[in-house]
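Q: Could we go through this model together? I would like to begin with the terms and then turn to the contacts.

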Amino acid sequence: MNTRILLVEDDDRLAELTAEYLRKNGFDVDIEARGDAAETRILAARPDLVVLDIMLPGQDGFAVCRAVRPHYDGIILMLTARDEDIDQILGLELGADDYITKPVPPRVLLARIKALLRRAAPAAGEEGAEGGGDSLTFGNFRISQQTRSATLAGEAIDLTTAEFDLLWLLARHAGSILSRDDLLQQLRGIGFDGLDRSIDARISRLRKKLNDDPDNPTRIKTVRGKGYLFSRHDWQ
């Protein structure tokens, strides 16, 4: 079955051209022009990925993302017409997996979609924790690459695709400092330009979900001027 994409875009011509391009590349694409209808369609159809514009009639993309994220575990890629940190950070804080600035060349959008889908799919032939090392445990915290899940004190942690990828990367390098450039290169294949705040936004969300003190974090520590460090300890 082809990957199903819901394109939420109110520019009819742009939506049709984008959808046609994605269809030619093997995706099943549906279009929704209104934000106030997108929430219902996302939760009813459960597409594999949602391409969600911010500026929409009826309800903006931020409101849609906020409403569906607690109930929808697929991928959300937000489109912003303005290259401003506030749009990007707000989208990520609300649970978007990634963002891209409009206008976006179709080939770039396709590449970003494929990258997100690769990250979300478990690798073929992965073994269980005993044989493959795909699970990591630190005190009462456990994370599994095979099932793409994490638990804290036995309780499941609700993570978006992007949050899981970042948390897994940090946990795999527990005890080592990873710079923003390291993290962006691993997660998105781009370097840190000094302006991108997506990693910081996701770290903030992860700290909340890991019950880490935002004022004095001990589980995901900020190393001033260097980056972030996932602690091997402080998990009791």
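A: Helices (H or I, at least four residues) and strands (E, at least two) are DSSP runs, numbered from the N terminus. Thr-18 is found in helix 1. This is a predicted model, in which local features need pLDDT of at least 70 and side-chain atom pairs count only at pLDDT 80 or more, while totals for chains, interfaces and linings use all residues. Residues are numbered from 1 along each chain as its sequence is written, and side-chain values use heavy atoms, with hydrogens and water left out.

Q: Is Thr-18 buried or exposed?
A: Thr-18 counts as buried because its relative accessibility is 16%. Buried means under 20% relative accessible area, exposed over 50%, and partly exposed in between (1.4 Å probe, protein chains only).

Q: Which residues does Thr-18 touch?
A: Leaving aside residues up to four places away in sequence, Thr-18 touches Leu-7 and Leu-109. Contact means heavy atoms within 4.5 Å.

Q: What is the strand order of the open sheet?
A: The open sheet has five strands in the order 2-1-3-4-5, with parallel pairing. Two strands pair if DSSP finds at least two bridges between them. Strand 2 (28–32) and strand 5 (98–101) are the edge strands, each pairing on one side only. Neighbouring strands of this sheet are turned by 20 degrees against each other on average, direction ignored.

Q: And where does helix 1 pack?
A: Helix 1 (residues 12–24) packs on the sheet and touches strand 1 and strand 2; its direction makes about 165 degrees with that of strand 2. Axes are lines fitted to C-alpha atoms, for helices over the stretch in contact, and angles run from 0 to 180 degrees between N-to-C directions.

Q: How many bridges join strand 1 to strand 3?
A: Four bridges join strand 1 (residues 4–8) to strand 3 (residues 49–53), and the two run parallel. Leu-49 in strand 3 is the bridge partner of Ile-5.

Q: Changing topic: how do helix 7 and helix 9 cross?
A: The axes of helix 7 (residues 161–172) and helix 9 (residues 198–209) come within 10 Å and cross at roughly 85 degrees. Helix 7 and helix 9 are therefore roughly perpendicular to each other. Angles under 35 degrees count as roughly parallel, over 145 as roughly antiparallel, 65 to 115 as roughly perpendicular, and the rest as oblique.

Q: Which residues meet there?
A: Ala-162, Glu-163, Leu-166, Leu-167 and Leu-170 in helix 7 meet Ile-199, Arg-202, Ile-203, Arg-205, Leu-206 and Lys-209 in helix 9. By class, this contact has seven nonpolar, no polar and four charged residues. Ala, Val, Leu, Ile, Met, Phe, Trp, Tyr, Cys and Pro count as nonpolar, Asp, Glu, Lys and Arg as charged, and the others, Gly among them, as polar.

Q: What about the hairpins?
A: Strand 6 (residues 135–138) and strand 7 (residues 141–144) run antiparallel and are joined by four bridges. Two residues lie between these strands in their hairpin, where Gly-139 takes a positive phi near 60 degrees. Strand 11 and strand 12 form a hairpin with three residues between them, and Gly-225 in the turn has a positive phi of about 80 degrees.

Q: How many aromatic pairs are there?
A: Rings of Phe, Tyr and Trp (its six-membered ring) pair if their centres lie within 6.5 Å; planes under 30 degrees apart count as stacked, over 60 as edge-to-face and the rest as tilted. By this rule, there are five aromatic pairs. The rings of Phe-230 and Trp-235 have centres 5.1 Å apart and planes at 25 degrees, so this pair is stacked. Both Phe-230 and Trp-235 are buried.

Q: Which residues form the aromatic cluster?
A: One aromatic cluster is formed by Phe-138, Phe-141, Phe-230 and Trp-235.
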